[in-house]
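Hello,

Here is the structure I promised to pass on. My notes follow below it.

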Amino acid sequence: MPGATEQKIIDAAVRLFASQGYDATSVQEIVTAAEVTKGALYHYFRAKDDLLFEIYRLLITAQSADMDRIIELGLSSADTVREILVSLVVSTAERVDETAVFVREMHRLDEARMTEFRAERRRYHETFLGVIEKGQADGEFSSAVPADTVVRIAFGVVNQLPVWYRPDGPKPPARLAGEIADFVLAGLR
């Protein structure tokens, strides 16, 4: 968990990257918005792309920890899928700017960071895939649609949230999350 100064820098970068884009945002604008010095920024981050990676790392770390916690509960496959999707949608909706920044700007990561990103994303997908495959093998879910297709559809919806979800819109994150989970589970049955 970042300290107060580091979090101020991250928050400022998220706001600026979300509103004007990564390329259009200067380090000076970030330090001005965060009300810190350049020295403080460079104490925590070697370069602007380190900020971009940290935005993603914080989000995926929290989402992975939530998924691991849910799986450890030992629920049925349907309840596990529901809880994972609800947690994922809520965290994505509540942090829609971070998600939007990362989805839009992830191509800017260097090869090492992109490899790390892909490995963590793969672990998340494979873990969720395993839950669905278990449910299909146990007869809890239909196997009419392959598990990998279900994962792609479910995560495709989540990955598109930054395009259409508005925090000030008519649906709070928990309600939207429940509806998306219901949709996926209806398809699995």
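**What covers helix 2**

Helix 1 (4–20), helix 3 (38–44) and helix 4 (48–72) are among the elements that cover the buried residues of helix 2. Helices here are DSSP runs (H or I, at least four residues), numbered from the N terminus. Buried means under 20% relative accessible area (1.4 Å probe, protein chains only).

The model is predicted: local features need pLDDT of at least 70, side-chain atom pairs count only at pLDDT 80 or more, and totals for chains, interfaces and linings use all residues. Residues are numbered from 1 along each chain as its sequence is written, and side-chain values use heavy atoms, with hydrogens and water left out.

Which residues of helix 2 are buried? In helix 2 (residues 27–34), they are Val27, Ile30, Val31 and Ala34. They sit on the same side of helix 2, because they cover an arc of only 95° around the axis. The arc is taken from the directions from the helix axis to the C-beta atoms. Just after helix 2, glutamate 35 has a positive phi of about 60°.

UniProt's unreviewed entry places a "DNA-binding region" at residues 26–45. Such annotations may be inferred rather than shown by experiment. The span is 75% helix and 0% strand (strands are E runs of at least two). Its end C-alpha atoms lie 14 Å apart.

Now the other pair. Helix 5 (residues 77–94) packs against helix 10 (residues 173–188) at an angle of about 145°, with axes 8 Å apart. Axes are lines fitted to C-alpha atoms over the stretch in contact (heavy atoms within 4.5 Å), and angles run from 0 to 180 degrees between N-to-C directions.

Regards

Methods. Buried means under 20% relative accessible area, exposed over 50%, partly exposed in between (1.4 Å probe, protein chains only).
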